[in-house]
Amino acid sequence: MDLTGIHHLTAITADAPANNRFYTETLGLRRVKKTVNQDDTSAYHLFFADGAGSPGTDLTFFDWPVGPERRGTNSISRTGLRVHEDSLDYWAERLRGEGLTTGKIVTLDTRASLDFEDPEGQRFRLTADLPGEAHPWERSPVPAEHQIRGLGPITISVPDLEMTEAVLTRVMNMQKIRDYPSPDGAGQVHVYAMGDGGPAAELHVAVQPELPVARQGAGAVHHVAFRTPDVGTIHQWAERLNQFRIPSSGEVERYYFRSLYFREPGGNLFEIATDGPGFDVDEPFETMGESLSLPPFLEPRRAQIEAGLKPLD
């Protein structure tokens with residue numbers, strides 16, 4: 001029962017059309033699913049990923065009319081995006097050309113990296129990836145060799161490590177593998193690995209008791225999801241959380257994957273999600289993400305739902 005890495009990360013936008021433009025045009029990701037929040041059908045749920053819509057590459061957004069987040073602890077504080085090490089100069093020039101706030105290319109936790117913020121203030125870190133399989137999007141404005149390859153590592157902020165670490169290591173079977181100095185000079189960041197490890201399978205925990213409690217809003221991360229292979233293993237995870245008496249959502253059918261939600265002791269919302277069936281379960285692979293997709297239980301309400309959504313393109 002090992003998680004195999006980051007599955008997806010869901011954040012909040014207050015401007016879906018601008019969000020769609022930024023992630024497809026500036027970051028060059030493929031929009032692999034245009035759907036709605038299954039619990040709030042007035043809001044888009046947009047999925048951006050690599051060319052194949054691979055698990056571990058989806059960056060998703062709820063579109064809610066909210067003000068900016070208040071930064072602080074008890075939050076998922078920085079989203080890692082993996083790129084080829086030789087691509088960091090390309091990205092520094094591209095992002096600065098768009099007028100975005102960026103840092104310098106530095107070595108952090110032994111890897112070359114570049115910090116930046118999206119137009120709503122969500123904090124990202126481009127991280128040099130390990131060699132391996134990639135699925136570039138042939139219609140991306142970003143050259144294939146420089147495209148974002150997927151998610152990871154993800155950084156969370158908590159005020160105290162002890163209980164969070166207990167859940168990560170004893171319940172979720174992550175391995176604590178190292179620490180490194182926080183880039184803001186405030187203590188240590190603790191690294192926990194899943195599966196085979198590497199940047200696609202790491203959770204970084206910054207302990208920051210001096211910060212106020214964060215308040216979610218535009219630019220904030222709503223939750224992070226971790227990979228499990230299939231429905232059989234998510235049954236096992238549901239049972240494991242019950243054994244440890246950790247409250248959870250129980251299994252939720254999201255149609256493109258099956259999910260299980262719970263909060264770690266630092267207050268962050270975690271999800272465990274299956275790798276399949278994937279985004280082409282209800283539309284052709286070649287055109288997925290181009291039109292509004294609804295799971296079968298929402299299909300009878302299509303006209304009503306579409307009438308309440310603003311145009312994206």
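So, the lining of the largest cavity: by class it has three nonpolar, six polar and four charged residues. Keep in mind that this is a predicted model. The space in that cavity is about 110 Å³. Thirteen residues line it, and Arg125, Thr127, Pro153, Tyr180 and His204 are the closest to its centre. Which elements give two or more residues to this lining? That would be strands S5 (75–83), S7 (111–117), S8 (123–128) and S9 (150–158), and S5 gives the most, with three.

Okay, on to the second largest cavity, with about 50 Å³ of space. S5 is again the one that gives the most to the lining, this time four residues. Among the lining residues you'll find Ile76, Ser77, Arg78 and Thr79, along with Glu69 and Gln122.

Now the open space. The largest pocket has a volume of about 530 Å³. It has 26 lining residues, with Pro55, Arg82, Glu133, Ala200 and Arg227 nearest the centre.

Stepping back to the whole protein: we have five helices and 16 strands. The radius of gyration is 18 Å, close to the 20 Å the globule rule gives for 313 residues, so the protein is as compact as a globular protein of that length. Of those 313 residues, 56% count as buried. The accessible surface is about 13,300 Å², and 50% of that belongs to carbon and sulfur atoms.

Technical notes: Residues numbered from 1 in each chain as written. Predicted model: local features only at pLDDT ≥ 70, side-chain atom pairs only at ≥ 80, totals over all residues. Heavy atoms only, no water. 1 Å grid on protein atoms, 1.4 Å probe; cavity = no way out; pocket = protein on both sides within 12 Å on 5 of 7 lines; lining within 4 Å. Points joined across faces, edges and corners; volume = space filled by probe spheres on them. Rg over C-alpha atoms; globule rule 2.2 N^0.38 Å. Buried < 20%, exposed > 50% of the residue type's maximum accessible area, 1.4 Å probe, protein only. Areas by Shrake-Rupley, 256 points an atom, 1.4 Å probe, with all protein chains shown as cover. Nonpolar A, V, L, I, M, F, W, Y, C, P; charged D, E, K, R; others polar.
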